[in-house]
Number of protein chains: 2
Amino acid sequence: VTSTALFAARATGITGSVIDSSTSLLQAQTHDVVRLAMGSPAADAIPAEQFERLAAEVFARAGDGAFDYGPTEGEPGLRAQVLRLIADTEQRQVPPERLLITAGGMQGLDLACKLFVEAGDLVVVESPTYTNGSATITGYQGELLEAPVDGDGLVVAVLPDLVAAAGRTPKLIYTIPTFQNPSGTTLSLERREALVELAESWGALILEDDPYTPLRFEGEYLPTIEALAAGRVPVLGVRTFSKVLAPGLRVGWLTAEPEVIARMINAKQSMDTCTNVPLQRLVEAFLAEGLLPAHLERQRRVYRERRDAMTEALAAELEDIEYRCTQPAGGLFLWLTLPEAIDTQDLFDAALAEGVAFIPGPAFSASGAFANALRLCFASSSPERIREGVRRLARVVRRRLECGGSH
Amino acid sequence: VTSTALFAARATGITGSVIDSSTSLLQAQTHDVVRLAMGSPAADAIPAEQFERLAAEVFARAGDGAFDYGPTEGEPGLRAQVLRLIADTEQRQVPPERLLITAGGMQGLDLACKLFVEAGDLVVVESPTYTNGSATITGYQGELLEAPVDGDGLVVAVLPDLVAAAGRTPKLIYTIPTFQNPSGTTLSLERREALVELAESWGALILEDDPYTPLRFEGEYLPTIEALAAGRVPVLGVRTFSKVLAPGLRVGWLTAEPEVIARMINAKQSMDTCTNVPLQRLVEAFLAEGLLPAHLERQRRVYRERRDAMTEALAAELEDIEYRCTQPAGGLFLWLTLPEAIDTQDLFDAALAEGVAFIPGPAFSASGAFANALRLCFASSSPERIREGVRRLARVVRRRLECGGSH
């Protein structure tokens, strides 16, 4: 099965995907594998001891309704903490009626598409982009308009031509502007402004998926598109604690106009009634104790060191090979483009046998492009393991090139 | 706004519902209210101390991936425990490929409808039925065929006529066969058999929503429709730990044919990636330690006592008023039908002011029927509180009747 077929199958919700099969392959591995595939925070970056202490407090307060149904819009205490967090980090006041607590960022994307994507609606997506995001759009029968990404993120300047060629304006623009998944690139301030203007001219909504902004380890803070737009265009702001705290909690949030939030609360009630209560309270306690800044500080230091370890190892191990890689200033991922003779999907099994895992490029595009690219997660392995993983990757790439390409 | 309008608005996902407004009214109350409205287990029936101890163990094992993404199909350990639970309680072996762990029963219903309900599909629902269940069906643009419920559950014998009148066969039959929400009635064995035969003749799926079977406190165990059907018709079995353990955990499961489960895993990946991991492990630990049977034993004893307290209080307090109420042999709810002069939606505010809350009947039917009925939860209040609540209810009913009906 080709990756395009796999992607399409996944996008229509019929069967597995490249990532699914990679996951099951990974899970089946018993030998030593450097896991650069999945997008989880480092196990040693999860504040497990703080969680343990705070969970004991949450679980001791059962009488407070910690195990009962909670309000669909989220626990009042967590909601207050999230609004304070936005005020502290973005210097803007968000009123409570613009906030919904979600089961991670994924539910935010699902809710956004459930409400706004109807059969045949045109949706701009970055190419490459986050697979589950674009799959959700096609799951609601939206049509993807893939727009290229370069070192400064989405190439906004080509959008008018792409839209003209499509013959109709998009209803929604799905973007991961900061430390994009999978490319690791960040949309520049100028492009953010231009994107808002284009959306305004088209009457389009912007779906801003931003799990990574708090994980910036160099360069200057950029305002979110939501903050920049300042009400000029409707923005659905999808955020999550998955990358800054832990994905297993399944706690995230979404901000939007009050009437949109009201409809989303209604939709969420028929999806899961409410987000799990004890772990909302755990996150609330973590924020209320002011533990987040120091935690993020440590995470950023660790991730910068690992990003450096990875880019330096790539430079050292692939020095005789033509490659390009992005230089993320935050987040978890970088994007590696290998010589055209390499098919990263073909490479996957050999790399796994060699002891290194990545996600092949075609998994990040509905059109199956990026055959010679791949995504590497630098966040979840130690520098030593990253260097070993890159050495292994370089070995299979070199072997493949010596045998005259992919086959 | 009439309840029909509210229900329709809710069903199409536009705005709130009777239950939503009841909930916010309830939350706004500061005076003493006997809460017979919501469908939560009793606070004192939640095994909080066991949860506290087990959570400490789960949270101490962060290295095991307790905070990372988990498999979309559910944690392997919980999956094994659920399969054992089914084997123990239903004496049947379910292979793992027929099982999906869900974010509560609600996500099971949503997944079922997402996969099987398309615009215009006819879906049989009980009348009255669980609001969020029927709202999910109409959310996917299914058309409801409402079928009556009597003391033995869904009146299966009238289905052929209803279907003939509709001019087409249903694609799906949504049923809560055991201790139905809201009526508290249970589908008899004969009717279960007849329903399976009808579904078979129509080529329809059965969506069996069964949160309550473990909470039977009298009468004989009845096999689930899924067990009875034994593969003759496809059954989507939606189950949850919400009522037997605690709803705040948001952990449930769904059983179906392997190819359906494979598609649901794919759909769930674009909905919430996976169910929260720590609380799956908490439930796993609870089951693995064999704590469920004694917990259920206690719950059943408490709920029977409360059902008795409620039916006896109704008989005593409403003795001069013509009313009917169901006699549930398990579960959480009973259904009270008052004289036709009473409009239970009109009654709601006065009852709240008097200090008792219930859910008005029209909230449980898309057609807004059951104007003079209401749902009472007997599970979550003590016998003393139940008696006090029924006294208050009787007072407002009597006052309303003396003033010549609703207005």
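Reply: Start with the polar contacts. Between chain B and chain A, 18 residue pairs are in polar contact, both residues of each pair being at pLDDT 80 or more. That confidence threshold matters here, as this is a predicted model.

Helix 3 of chain B gives the largest share, 7 residues. By class, the side of chain B that touches chain A has 25 nonpolar, 17 polar and 10 charged residues.

Now the charged pairs. The rule finds 2 salt bridges across the interface of chain B and chain A. One of them joins the side chains of A:Asp110 and B:Lys114, at 3.9 Å from N to O. The cut-off for a salt bridge is 4 Å, so this pair at 3.9 Å falls within the limit.

Next, the extent. In contact are 52 residues of chain B and 52 residues of chain A. The area buried between the two chains is about 4,000 Å². Carbon and sulfur atoms give 52% of that area. On the chain B side, B:Phe59, B:Phe67 and B:Tyr69 lose the most area to chain A. Together these three account for 16% of what that side buries.

The structure holds 2 cavities of 30 Å³ or more.

The largest cavity contains about 80 Å³ of space. Both chains line it. From chain A come A:Ala103, A:Arg250, A:Asp272, A:Cys274, A:Thr275 and A:Asn276. From chain B come B:Ala103, B:Arg250, B:Asp272, B:Cys274, B:Thr275 and B:Asn276. The lining of the largest cavity divides into 4 nonpolar, 4 polar and 4 charged residues.

The second largest cavity has a volume of about 40 Å³. Its lining consists of A:Gln107, A:Asp110, A:Met271 and A:Asp272, with B:Gln107, B:Asp110, B:Met271 and B:Asp272. Helix 5 (104-116) of chain A and helix 5 of chain B are the elements that give two or more residues to this lining. By class, the lining of the second largest cavity has 2 nonpolar, 2 polar and 4 charged residues.

Two residues tie these parts together. A:Asp110 lines the second largest cavity and also takes part in the salt bridge with B:Lys114.

How values were computed: Residues numbered from 1 in each chain as written. Chains lettered and ligands numbered in written order. Predicted model: local features only at pLDDT ≥ 70, side-chain atom pairs only at ≥ 80, totals over all residues. Heavy atoms only, no water. Contact = heavy atoms within 4.5 Å. Buried area = accessible area lost by both parts, 1.4 Å probe. Polar contact = N/O pair within 3.5 Å; in protein donor to acceptor, adjacent residues only side chain to side chain. Helix = DSSP H or I, 4+ residues; strand = E, 2+ residues; numbered from the N terminus. Nonpolar A, V, L, I, M, F, W, Y, C, P; charged D, E, K, R; others polar. 1 Å grid on protein atoms, 1.4 Å probe; cavity = no way out; pocket = protein on both sides within 12 Å on 5 of 7 lines; lining within 4 Å. Points joined across faces, edges and corners; volume = space filled by probe spheres on them.
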